[in-house]
Amino acid sequence: MNDIVVVGGGIAGCAIAYECARRGAAVTLLERDFVGSGATGAAAGMLAPQAEAERPGPALDFGLASRGMFKDLLADLREETGMRVDMDLDGILRLAHAEPSAAELRRRVEWQGALGLQARHCDAAEVRALAPGLGRPPLEAVWLPDGSVDAFGLVRALALAARARGAAIREGVGLVSLHPPEVVTTEGVVRGAAIVLTAGAWTAGIASLAVVPVKGQRLLLRVWGSAPARLPLFSDDCYLVPKAGGHWLAGATMEPGAGFDRRVTAGALGDLARAAATLCPGLAAAEPVDFRAGLRPCTPDGLPLLGPVPGLPGVWVATGHCRNGILLAPWTARLLADALLEGRPLPAACAVDRFGPGPAPPPGVAERAMPSATPQPSAVAASEPAADGPPYDLRFTAVLGAPPGEALHTLLDAARLQAHMPDVRSVEVVASGEGWRTTEWTVAYLGQEVRWRQRDEIDPLRMAIRSRLLTGGVLRRFDVDCDLLPLREGQTTLELSIRLEVGRFPGLVLPAVREVIRRNYAGLIAGVTASHGVVGRG
């Protein structure tokens, strides 16, 4: 039996799995999709307790404590996994363009200073130096010692580090039902002395808790000229966070009435684009390269739910972090590990029962958490293969600086070598002919070696590629339909539509393709001069 079973592979679940495994516990993490596929994958990665807090209190205290843990955490992850997770804690510039907001910023400097925290006014010259791309001068500008982290890189590193410490990371495994100490999944029964629910907004479909989804949409922009600022900007209408490769992330909407709708909408993206361009006019010429929506798990008071679930012996929960899931991850992991393994008390401000029983799950929540065809425990064998995963549709258009055939091979090979395939052991062309080739790949992923052979059939103007992983049941289907249209001499327009149906290890394939689109191709794939894309889930 496991000491701990974690249900949910977002930032909270992976952080808890790593911290408990690091202390010697036997841990299994279950994720129905792939690690970081929920709200974590849409997060901006803000580490901003001082910029976010409206007053002194537990939210600020918890955020400050957690912010202080990141430097050591990232150093430990680098040592254990070899992964470097980008982080910047050189400050945030909080801006106000209306008098009520300016007055609030002046009060913020006063009360944070009284607590011994760094918070200082910036004059016009310093604002211009820190944010040369700023448009209308703000009425008030305050520098705060906050920052940001690569959220998706962080959750990957935590999963890999947990695996290195002996934790089992099981992706593509959905929850069916709970019968503590048993967790019935789509791949069998898992037993744990303690079960920790870290399913974010969907936790309400597993246990009756006072947590609801609050939708947030964000927009990633590629800036081709000078950067608009030297640090993140936080205004009344949006925030702008610098990311690798000349990208800036504009976020984020707060849509409490959207329920479990994760669709990206034109209205929200338009509002974010206008807010970003109003704040920094040069961003009107920036290139949109990625758009995402996530569902924040929020509680009535904005504080997380941490601790045992009333009425479910042996079941614990860690959710409700709302806008601060990334920020609070190391603090949450440490407190839960302390409580689970050493019996230490958790903060009363985060008590699970402080609101009483939560509302009944909204329509669709329970169905999302638990498959409609629910097998009984006796009918599920751990050795049975996973059911077919959901299909994923990916679509994008790119301008490639190469003839069609050469550009296509460059694009596909680079996609397979993205961040979720960090250890490619070998790539060998085992057969080839006119218009086709078969390649054998060997990749290490989360400590397991996976092999597949792929046959590519090429038609310069219209082609279909069909490939199936030969071992492990990783892919049920991988279809790619392309239009390759000559653009000008030496260049090609590529319109690509991909459908993936994933069996096991969805984290091996899906993020690899998504990351290519999310990060933009310039600088990552030879021959790409410009690109844009939309990722949608079918």
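Me: How many disulfides does the structure hold?
Reply: One disulfide. Keep in mind that this is a predicted model.

Me: Which cysteines form the disulfide?
Reply: Cysteine 298 and cysteine 322. Their sulfur atoms sit 2.1 Å apart.

Me: Where in the chain are those two?
Reply: Cysteine 298 is in strand S17, residues 287–298. Cysteine 322 is in the loop between strand S19 (315–319) and helix H10 (329–342). The two are 24 residues apart, and the pair links distant parts of the chain.

Me: Right-handed or left-handed link?
Reply: Right-handed, with 75° about the S-S bond.

Me: And are cysteine 298 and cysteine 322 buried or exposed?
Reply: Both are buried.

Me: What about cysteine 20, and why?
Reply: Cysteine 20 counts as buried because its relative accessibility is 0%. The cut-off for buried is under 20%.

Me: Cysteine 350, buried or exposed?
Reply: Buried, with a relative accessible area of 0%.

Me: New topic, the sheet with S3, S8 and S4. What is the strand order?
Reply: S3-S8-S4, in an open sheet of three strands. The pairing is antiparallel.

Me: Which strands stand at the edges?
Reply: Strand S3 (46–47) and strand S4 (87–88). Each has a single partner strand, so one side of each is left without a neighbour in the sheet.

Me: How many bridges pair S3 with S8?
Reply: Two bridges, in the antiparallel sense. Strand S8 covers residues 147–149.

Me: Which residue stands opposite leucine 47?
Reply: Glycine 147, in S8.

Key
Residues are numbered from 1 along each chain as its sequence is written. This is a predicted model: local features need pLDDT of at least 70, side-chain atom pairs count only at pLDDT 80 or more; totals for chains, interfaces and linings use all residues. Side-chain values use heavy atoms; hydrogens and water are left out. Two strands pair if DSSP finds at least two bridges between them. Helices (H or I, at least four residues) and strands (E, at least two) are DSSP runs, numbered from the N terminus. A disulfide is a pair of cysteine sulfur atoms within 2.5 Å. Buried means under 20% relative accessible area, exposed over 50%, partly exposed in between (1.4 Å probe, protein chains only).
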